[in-house]
Amino acid sequence: MLERIRTVLIGTSHPGNIGGTARAMHNMGLADLALVAPRCEPLTADTVSRASGADHIVHAARTVATLEEAVGDCTLVVGASARSRTLPWPMITPRALGERLPQELADPAARVALVFGREDSGLTNAELQRCHAHVHIPTNPDFSSLNLAAAVQVLAYECRQAWLGQQAAATDEAAPTQPLASHEELERYFEHLERTLIGIGFHDPAMPRQLMARLRRFTLRARPERMELNILRGILTATEQQTERRPGEGSPDDEARGR
């Protein structure tokens with residue numbers, strides 16, 4: 001999924017910001033970078049320094065003249081905007097964008113572009129109107145200006161979180177599931193538990209203090225599997241065996257009394 005997310009920078013004026021963007025992308029597993037009409041030399045010593053080992057992304061970046069060239073094969077184009085516009089446009093948060101990505105990229109042919117504007121003026125209205133939606137990073141209103149690479153980092157992070165969620169869901173689906181304990185099995189367990197707790201002197205039925213009710217609530221909330229319940233019952237059985245007096249054996253007190 002991450003391989004099909006493209007970062008697009010328009011009119012970048014400082015090579016360090018291109019390097020910083022590459023680093024932010026590589027941190028989160030993104031690798032597709034497109035530069036639209038950069039106002040600086042993209043690959044300089046400053047670029048490499050700021051990239052901190054991610055300059056291979058800059059080396060592989062496409063440099064094009066227009067936004068249309070950069071996003072022509074994309075099925076979803078999202079423009080980063082820090083300003084409200086006179087013409088209302090679909091606006092989403094970075095988190096909402098991340099949640100939307102698995103569905104948007106379900107088709108292997110789908111591509112998503114994250115478009116960022118110039119450091120000094122952002123995206124023009126015309127450029128934003130070429131986007132399906134605008135994403136706004138909810139910063140501190142008293143200090144809302146974000147460095148270009150920092151803005152890329154925020155969106156790249158949400159992209160990675162969406163990917164990690166997708167991987168976790170796939171792992172859960174693939175994992176073998178054990179049957180849950182039935183109501184009847186749970187009731188036998190609770191009977192066994194109460195009997196054992198009484199036997200070891202931990203539970204007094206005359207003064208229950210809601211002990212069994214609390215243990216029921218705890219156990220039922222956990223939704224134990226049948227195998228897990230069998231393990232717990234095995235522990236209870238072993239506990240009972242250890243506390244039962246063996247036949248023919250007296251207690252230490254009996255021996256002390258000469259019985």
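Which helix holds F190? Select residues 183–199, which form helix α8, and F190 will be found among them. Helices here are DSSP runs of H or I with at least four residues, strands are runs of E with at least two, and both are numbered from the N terminus.

Before continuing, please note that this is a predicted model, in which local features need pLDDT of at least 70, side-chain atom pairs count only at pLDDT 80 or more, and totals for chains, interfaces and linings use all residues. Residues are numbered from 1 along each chain as its sequence is written, and side-chain values use heavy atoms, with hydrogens and water left out.

**First stop: F190**

Keep F190 selected. The residue counts as buried because its relative accessibility is 3%; buried means under 20% relative accessible area, exposed over 50%, and partly exposed in between (1.4 Å probe, protein chains only). Next, display M212, L215, R216, T219 and L220, with which F190 is in contact, its neighbours within four places in sequence being left aside. Contact means heavy atoms within 4.5 Å. Then select A213: its C-alpha lies 10.0 Å from that of F190, although 23 residues separate the two in sequence.

**Second stop: Q210**

Move to Q210, in the loop between α8 and α9 (211–222). Most residues other than glycine have a negative phi. Q210, however, is not a glycine and has a positive phi near 60 degrees. With 52% relative accessibility, Q210 is classed as exposed.

Finally, select A37 in the loop that joins β2 (32–36) and α2 (45–51). A37 is also not a glycine, and its phi is positive, at about 40 degrees. Its relative accessible area is 39%, so A37 is partly exposed.
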